[in-house]
Number of protein chains: 2
Amino acid sequence: LLGFGTVGSSVAEILCSNHFPNLQLVCIFNRNVARKRQLWVPAGVRWTEDIHEVIASDADIVVEVLGGLEPTADWIELMLRAGKSVVTANKHLIATRGRELAKLAQAEGRRLEYGASVAGGVPVLNAVSAGLAGEALLRLQGVLNGTCNYILSNMDASGMPFDKALARAQELGFAEADPSDDIHGIDARCKLAILAHTGFGLHVEPEQIEARSIVGIAAEDFQQARKRGRTIRQVSMAERTAGGLRAVVQPAMVRANSSVGQVRDNQNVLVTTGHWGGETTFAGRGAGGGPTAVAVVSDLLAIARHQALGGARADSAAEVQCDFHFHHYLRAEVADAKDSALLEVTLREAGLDIQESKTSRKRKKGKSATTRVLLLGPSTTAKVEEALSAWGSQCPRCVLPLID
Amino acid sequence: LLGFGTVGSSVAEILCSNHFPNLQLVCIFNRNVARKRQLWVPAGVRWTEDIHEVIASDADIVVEVLGGLEPTADWIELMLRAGKSVVTANKHLIATRGRELAKLAQAEGRRLEYGASVAGGVPVLNAVSAGLAGEALLRLQGVLNGTCNYILSNMDASGMPFDKALARAQELGFAEADPSDDIHGIDARCKLAILAHTGFGLHVEPEQIEARSIVGIAAEDFQQARKRGRTIRQVSMAERTAGGLRAVVQPAMVRANSSVGQVRDNQNVLVTTGHWGGETTFAGRGAGGGPTAVAVVSDLLAIARHQALGGARADSAAEVQCDFHFHHYLRAEVADAKDSALLEVTLREAGLDIQESKTSRKRKKGKSATTRVLLLGPSTTAKVEEALSAWGSQCPRCVLPLID
């Protein structure tokens with residue numbers, strides 16, 4: 001077991017619980033073992049700070065819950081070359097180095113499993129690779145980042161501003177000190193890349209998927225969403241195209257009564273759409289020690305039973321497009337009447353169709369602030385963003401596609 | 001392929017779609033082949049009305065979507081003895097004969113898979129046996145019968161009476177001409193028995209599980225449910241006990257905003273509760289040709305890939321209790337004031353705690369009808385039913401546990 005943090009100690013707890021007698025914990029690797037050592041771990045388990053002791057151990061399978069890319073990727077390579085199978089919960093590693101590591105595992109006759117890397121305790125990778133193996137998947141859509149969902153569903157429920165919701169998520173351990181990877185969609189697009197590979201058999205680099213930040217969403221955007229029977233979520237979506245894949249991670253206005261709109265707190269959800277079976281929904285705890293550990297142990301059992309999991313579909317490099325067409329909600333503060341008129345002209349010149357328009361004035365910090373709320377006809381989000389750049393104003397704005 | 005009805009023809013369609021080149025349809029068995037034959041089935045596929053032709057064929061795997069217990073069970077036995085693996089969607093057969101057939105399959109070195117037997121297109125058996133293999137499951141709760149859910153969710157949405165909702169379900173093909181197995185919970189308890197075996201490793205006979213009918217639920221019960229923020233669903237639930245299992249299938253008042261309360265039309269949902277990972281929800285199309293066929297083909301692929309599926313947990317015969325304790329909603333029509341007083345006395349004598357009570361009078365078909373609506377403190381449903389028997393009135397009544 002590489003790593004004895006939140007997930008690692010939960011994995012150890014399950015392995016030491018006697019629920020799975022055919023799995024035996026033999027060695028725990030972590031920095032500062034003296035501080036980490038727990039009395040409930042059986043005396044026979046070796047604790048070490050030296051990765052070479054793990055390589056030299058008689059463990060058949062190595063569980064990697066250290067996180068990070070370096071030196072983790074090198075260590076996994078060493079483990080595979082030493083004849084050990086590997087189970088990892090590391091989405092960044094699998095999304096960026098998974099292909100080569102999977103090839104190495106195959107060449108060595110070993111297994112590399114990563115069921116815990118997407119949606120933690122919700123077995124979506126297993127569902128997509130085995131349970132829905134007989135399906136021609138058309139579309140994957142969901143909420144894959146618990147931090148963003150915690151922030152957004154709390155803004156929704158309490159009306160609190162973004163900064164406060166983020167601070168609260170950090171206090172409660174739902175957001176890290178540096179939340180950039182979560183709030184800018186980097187974490188979710190790694191997961192979407194892994195899902196797309198498992199579900200469509202297409203190799204996708206995370207960087208091929210557009211990711212938009214949830215920064216800039218204000219309490220009033222939730223009020224606007226509510227007027228439309230909607231709420232705001234960070235949505236990850238990928239769909240099969242003739243040439244490959246269309247995929248994006250972005251905040252969006254979704255129907256309040258949809259599966260995605262109903263996900264609360266740090267939960268995850270995935271909705272798959274198949275050609276023959278239609279929509280299937282998977283929801284639950286996407287992160288945390290317990291749920292992630294369950295996914296890790298399920299992978300361990302699959303290897304112990306010689307149960308094939310991944311690699312279900314053929315693997316080819318994908319052309320990835322990100323040009324989904326949606327209606328857009330646009331909120332923009334404008335400096336004055338001229339600025340406001342210029343916004344409208346710029347949007348129209350970009351070929352965008354203004355279907356609704358409201359202007360409201362409020363006093364904010366002693367100054368009069370004018371806010372435009374517009375509903376734009378179908379276009380890509382990038383097109384709206386380009387028009388806003390051309391407009392040139394530095395005032396706050398928020399662009400959200402309306403996703404059904 | 002045994003059976004070319006709704007599911008069988010969908011399975012054939014997927015197998016003939018070139019999506020899965022390692023699966024080849026070789027033979028279709030059905031009565032009255034002349035009438036069934038389809039032009040889109042490749043010429044090389046043999047059509048037959050003789051089961052012995054299937055046994056003698058070179059098929060490696062037989063898909064059984066005929067339904068029924070006899071002669072289907074005998075035929076499956078013949079197939080296994082002839083060295084063929086079997087995939088079936090037949091929940092009655094698996095729930096009642098699954099154990100012996102699984103042993104036979106093992107003895108013959110063949111496979112018996114039945115992923116389509118519970119919740120059709122929603123891969124719940126796969127999730128419970130593989131995706132959540134590393135979990136200590138405590139509880140399974142869900143809506144497993146699409147017919148009941150179609151009837152109840154339509155009564156809910158439109159206010160129509162039971163008979164009309166049933167007739168409409170029959171018109172649309174969501175209920176059979178004889179809907180007894182569905183509406184009395186017989187179908188759902190077969191599925192719950194299979195789920196309990198897969199999830200808890202306990203062998204359960206369907207008859208060990210109490211099943212209560214949805215007959216007797218009236219439009220006004222939905223109004224009463226709505227007042228409490230609830231709706232009515234046929235709920236299947238099973239939980240681990242120290243000695244074995246507690247399981248029941250019954251209509252219940254559930255929270256309108258819960259996963260179970262939000263299932264519409266003929267959809268299915270399963271909520272698993274695990275010791276380490278908490279709640280996970282699976283929802284989608286539980287029946288119909290396409291979704292069921294996807295589950296069948298997923299099983300075919302698992303066999304083709306030598307992928308172990310079932311048998312994950314140890315198998316032992318279970319003690320099954322059915323004595324869940326819940327608050328109960330009771331609606332009873334009473335003949336007169338004496339009858340009403342007698343009801344109250346009888347309930348109190350049975351030790352039942354009357355927590356709320358309302359009496360309303362209406363004219364029904366020219367006669368004055370008095371209805372009592374009571375909320376009873378925690379007890380088993382059986383205890384409430386016994387008290388109603390002791391009361392002796394033949395007037396219509398409806399008892400529903402309130403499930404969270």
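Me: Is Leu39(A) buried, partly exposed or exposed?

Reply: This is a predicted model, in which local features need pLDDT of at least 70, side-chain atom pairs count only at pLDDT 80 or more, and totals for chains, interfaces and linings use all residues. Residues are numbered from 1 along each chain as its sequence is written, chains are lettered from A and ligands numbered from 1 in the order in which they are written, and side-chain values use heavy atoms, with hydrogens and water left out. Leu39(A) lies in the loop between helix 2 and strand 2 (46-48) of chain A. Its relative accessible area is 87%, and since buried means under 20%, exposed over 50% and partly exposed in between (1.4 Å probe, protein chains only), Leu39(A) is exposed.

Me: What distance separates the C-alpha atoms of Leu39(A) and Ile61(A)?

Reply: Along the chain, Leu39(A) and Ile61(A) are 22 residues apart. The separation of their C-alpha atoms is 23 Å.

Me: How is helix 1 of chain A oriented to helix 12 of chain A?

Reply: Helices (H or I, at least four residues) and strands (E, at least two) are DSSP runs, numbered from the N terminus. The axes, lines fitted to C-alpha atoms, for helices over the stretch in contact, with angles from 0 to 180 degrees between N-to-C directions, come within 8 Å for helix 1 (residues 6-15) and helix 12 (residues 289-304) of chain A and cross at roughly 55°. Angles under 35 degrees count as roughly parallel, over 145 as roughly antiparallel, 65 to 115 as roughly perpendicular and the rest as oblique. Helix 1 of chain A is therefore, relative to helix 12 of chain A, oblique.

Me: How do the residues of the contact of helix 1 of chain A with helix 12 of chain A divide into nonpolar, polar and charged?

Reply: Contact means heavy atoms within 4.5 Å; the residues that meet include Val11(A) and Ile14(A) in helix 1 and Ala293(A) and Val297(A) in helix 12 of chain A. Ala, Val, Leu, Ile, Met, Phe, Trp, Tyr, Cys and Pro count as nonpolar, Asp, Glu, Lys and Arg as charged, and the others, Gly among them, as polar. The division for this contact of helix 1 with helix 12 of chain A is nine nonpolar, five polar and no charged.

Me: How do helix 7 of chain A and helix 11 of chain A lie to each other?

Reply: Leu152(A), Met155(A) and Asp156(A) in helix 7 of chain A meet Ala219(A), Phe222(A) and Arg226(A) in helix 11 of chain A. The axes of helix 7 (residues 146-158) and helix 11 (residues 219-227) of chain A come within 9 Å and cross at roughly 70°. The two helices, helix 7 and helix 11 of chain A, are therefore roughly perpendicular.

Me: What kind of axis relates the two copies, chain A and chain B?

Reply: Superposing chain B on chain A takes a rotation of 180° with 0.0 Å of shift along its axis, at RMSD 0.0 Å. The two copies are thus related as by a two-fold rotation axis.

Definitions and conventions. Copies are superposed by least squares on the C-alpha atoms of residues with pLDDT of at least 70 in both.
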